[in-house]
Amino acid sequence: MDPRPLLWTTAVAVVSTGLLALAVGSGWLGADLGRGANFCEAARLGLVKQPANTFSNAGFVVVGLLVAAHAGWTRVSGMPVALATAYACVVVLLGPASAAMHATQSSLGGHLDMASMYLIAGFAASYAWVRWARRGPRSFAIVYLACVVFCELAGRWPHPVPVVHYAGNLAFGLLLCVAVGLETALWRRGETMRTIAFGFASLASMLAAFTIWVLSQHGWCAPHSLLQGHAAWHLLCAVAAGFLYLLYASERDTAGRRVAT
């Protein structure tokens, strides 16, 4: 067993969640400007404005820790331990970052939420590309940075976008589509083996999450209920992230060995 993935990921979980609690309690994230109010749930009077949409983000923390535990316990994995640890930390960060917006409805909270989305979509697209292009860690880092910068620049577009409303959301979706396309190309190329069912499960979870995301903003909405469609979006996205990791971990070359990246 290698304890480092779980130790690093637990540290990220504890520090990020602790900082979030301090930020919400101390008002560090700024005033309530209604950021995220379009996701149905009515704002409460307490510290946590949208409790269902806030606490459902715990799913990301749980899945990130499970990914880290698997990475440390598995003797042979298709994903290098360092990258698996990084992925686990990114998944964990999705939780507090998204919760920052829903707990405070502040502008800074909204920026943290979007940044965490860019990090996970950029990871998926970059990791798929370096394996498809047979490149190494330096290329991964460069492409990853480029993906995040692309999303941040797209997010500056001031005009609304059909269906997803915001150009940053569109950039997030485009990177996920790139990841799906490249993972499909890798599967069809046949140089490595993987448990493709994990990929289909991840995609199905993400499509279900997106469907609920749309419906919860167009009529399927009970503002004062704790059963929120956007909370289901969070939980299904966490499930999708977990299945995506299992797809990575299942990858082997044709001789059954771990794929070096």
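Before I quote any packing angle, a reminder to myself: axes are lines fitted to C-alpha atoms, for helices over the stretch in contact, and angles run from 0 to 180 degrees between N-to-C directions. I also note that this is a predicted model.

**Entry 1: α6 against α7**

I started with helix α6 (residues 137-154), which packs on α7 at an angle of about 150°, the axes being 7 Å apart. Angles over 145 degrees count as roughly antiparallel, so α6 is roughly antiparallel to α7. I then listed who meets whom: C147, F150, C151 and A154 come from α6, and A167, G168, A171, F172 and L175 from α7. Sorted by class, this contact has eight nonpolar residues, one polar and no charged ones.

**Entry 2: α5 against α7**

Next I looked up α5 and helix α7 (residues 167-189), and found an angle of about 25° with the axes 8 Å apart. Angles under 35 degrees count as roughly parallel, so α5 is roughly parallel to α7. I noted the crossing of α5 past α7 as left-handed. On the α5 side the contact includes M114, M117, Y118, W129 and W132, and on the α7 side it includes F172, L175, L182, E183 and R189. By class I wrote down 18 nonpolar, three polar and three charged residues for the contact of α5 with α7.

Where does S106 sit? I found S106 in the loop between α4 (81-104) and α5 (107-132). With a relative accessible area of 0%, S106 is buried. Its contacts beyond four places in sequence are L29, G30, A31, L33, R35, A100 and M101. I also checked D32: the C-alpha atoms of S106 and D32 are separated by 4.7 Å, though the two residues are 74 apart along the chain. A polar atom of the S106 side chain lies 3.1 Å from the backbone nitrogen of G109.

Q105 is in the loop between α4 and α5 too. Q105 counts as buried, at 4% relative accessibility.

Most residues other than glycine have a negative phi. Is R134 buried or exposed? R134 lies in the loop between α5 and α6, and its relative accessible area of 54% makes R134 exposed.

How values were computed. Residues numbered from 1 in each chain as written. Predicted model: local features only at pLDDT ≥ 70, side-chain atom pairs only at ≥ 80, totals over all residues. Heavy atoms only, no water. Helix = DSSP H or I, 4+ residues; strand = E, 2+ residues; numbered from the N terminus. Buried < 20%, exposed > 50% of the residue type's maximum accessible area, 1.4 Å probe, protein only. Contact = heavy atoms within 4.5 Å. Polar contact = N/O pair within 3.5 Å; in protein donor to acceptor, adjacent residues only side chain to side chain. Parallel < 35°, antiparallel > 145°, perpendicular 65-115°, else oblique. Left-handed = near helix turned anticlockwise from the far one by under 90°. Nonpolar A, V, L, I, M, F, W, Y, C, P; charged D, E, K, R; others polar.
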